[in-house]
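Trainee: Before we discuss any detail, could you put the model on the screen, and then let me ask how each feature is to be read?

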Amino acid sequence: EQYLKPKEQDEEYVAQVLYIMKNHPMIDQQLLALERSVYIQSAEIDDEIIDWLEKGVDIHPVVQFHALQSLRKRGVTGKIELMRMGEQVELEIEKTPLSMEDFPSAVTQIVERVESVTESDDPTLPHFARELWKQSIQFLYGTTSFEWMINGDEEWVDCYAAALHVVLLLTVYGKADDDFIRDTYGITEPLRFRYEQACRTL
């Protein structure tokens, strides 16, 4: 925390953090700048981040999500409108999840289902599943697909769990047995379209 919160926070330091946040070509550097922004003692930072999010073009979805988290950590409340994955969305800053536990229960149910299915095949897969899911929901947060996921029935949980399992196997092994996975998660023919939607989303 001391590294992120230097004693000297002059105008030059603030300007540098904002410049890196908005313009650095590497995402990890943008995320580091956002972490630093949480500790900057200047009300102007709130307006700078909000304005950037609302007007910004081609901001990476994960960077957007971390910017929303930074605003929440700074105590900012209220609604914000921004483009997420090609959609115009309205979000309440104070409801931005800060950890997996802050997300609606459907989000954790999906990854827990995949963890329970994969742990007997390969003990490393549950860890990869959780990391992949963590990245995925940072992309999807606030979008129509995210709303389907958290407000849908148990069948939506099955569809997203199966889709996550497919993407996990493709990521780790480069191949996946689609028929086996659909059978494992109970994806019957009536659910096929929803399952394919979930796959496309991820």
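Trainee: How many bridges join S1 to strand S2, and in which direction do the two strands run?

Mentor: First a caution on the source: this is a predicted model, in which local features need pLDDT of at least 70 and side-chain atom pairs count only at pLDDT 80 or more, while totals for chains, interfaces and linings use all residues. Residues are numbered from 1 along each chain as its sequence is written, and side-chain values use heavy atoms, with hydrogens and water left out. Strands are DSSP runs of E with at least two residues, helices are runs of H or I with at least four, and both are numbered from the N terminus; two strands pair if DSSP finds at least two bridges between them. Here six bridges join S1 to S2 (residues 87-92), and the two strands run antiparallel.

Trainee: Which residues stand opposite each other, and what is found at the turn?

Mentor: Met83 stands opposite Gln88 in S2, and the bridge partner of Lys79 in S2 is Glu92. The hairpin has two residues between its strands, and Met85 takes a positive phi near 50° there.

Trainee: Which residues of strand S1 make up its covered face, and which its uncovered one?

Mentor: Such a reading rests on relative accessible area, where buried means under 20%, exposed over 50%, and partly exposed in between (1.4 Å probe, protein chains only); the areas themselves come from the Shrake-Rupley method. In strand S1 (residues 79-84), the covered face holds Ile80, Leu82 and Arg84, whereas Lys79, Glu81 and Met83 form the uncovered one.

Trainee: How does this hairpin sit within the chain as a whole?

Mentor: The chain has ten helices and two strands, and from the N terminus on its elements run α-α-α-α-β-β-α-α-α-α-α-α. Of its 202 residues, 45% count as buried, and its C-alpha atoms fill a box of roughly 60 × 35 × 25 Å along the principal axes. As a case of burial, take Ala198 in helix H10 (residues 192-201), which counts as buried because its relative accessibility is 0%.

Trainee: How many salt bridges does a search of the whole structure find?

Mentor: Side chains of opposite charge can pair when their charged atoms come close. The criterion used here is a side-chain nitrogen of Lys or Arg within 4 Å of a carboxyl oxygen of Asp or Glu, and the search of the whole structure finds 14 such salt bridges. In one of them Asp51 pairs with Lys55, the closest N and O atoms being 3.0 Å apart; both residues lie in helix H3, four residues apart, about one turn of the helix. Asp51 is partly exposed, with a relative accessible area of 35%, whereas Lys55 is exposed at 61%.

Trainee: Where do Arg182 and Asp179 lie, and how many residues apart are they?

Mentor: They lie three residues apart in helix H9 (residues 178-184), so about one helical turn separates them.

Trainee: Which parts of the chain does the salt bridge of Arg130 and Glu115 link?

Mentor: The side chains of Arg130 and Glu115 meet at 2.7 Å, N to O. This pair links distant parts of the chain, with Arg130 in helix H6 (residues 125-140) and Glu115 in helix H5 (residues 105-118), 15 residues apart. Arg130 is partly exposed at 26%, while Glu115 counts as buried at 16%. A network of salt bridges also links Asp153, Glu155 and Arg194.

Trainee: Which residues gather in the patch of negative charge on the surface?

Mentor: Patches are made of residues with over 30% relative accessible area and no salt bridge, like charges being joined within 9 Å and nonpolar side chains (Val, Leu, Ile, Met, Phe, Trp, Tyr) within 5 Å. The negative patch here gathers Asp10, Glu11, Glu12, Glu44 and Asp47, and helix H1 (11-23) and helix H3 (44-55) each supply at least two of its residues. Glu44, for example, lies in helix H3 and is exposed, with a relative accessible area of 60%.

Note on methods
Accessible areas come from the Shrake-Rupley method with a 1.4 Å probe; for residues, only the protein chains shown count as cover. Lys and Arg count as positive and Asp and Glu as negative; His and the chain ends are not counted. The place of a charge is taken as NZ of Lys, CZ of Arg, CG of Asp or CD of Glu.
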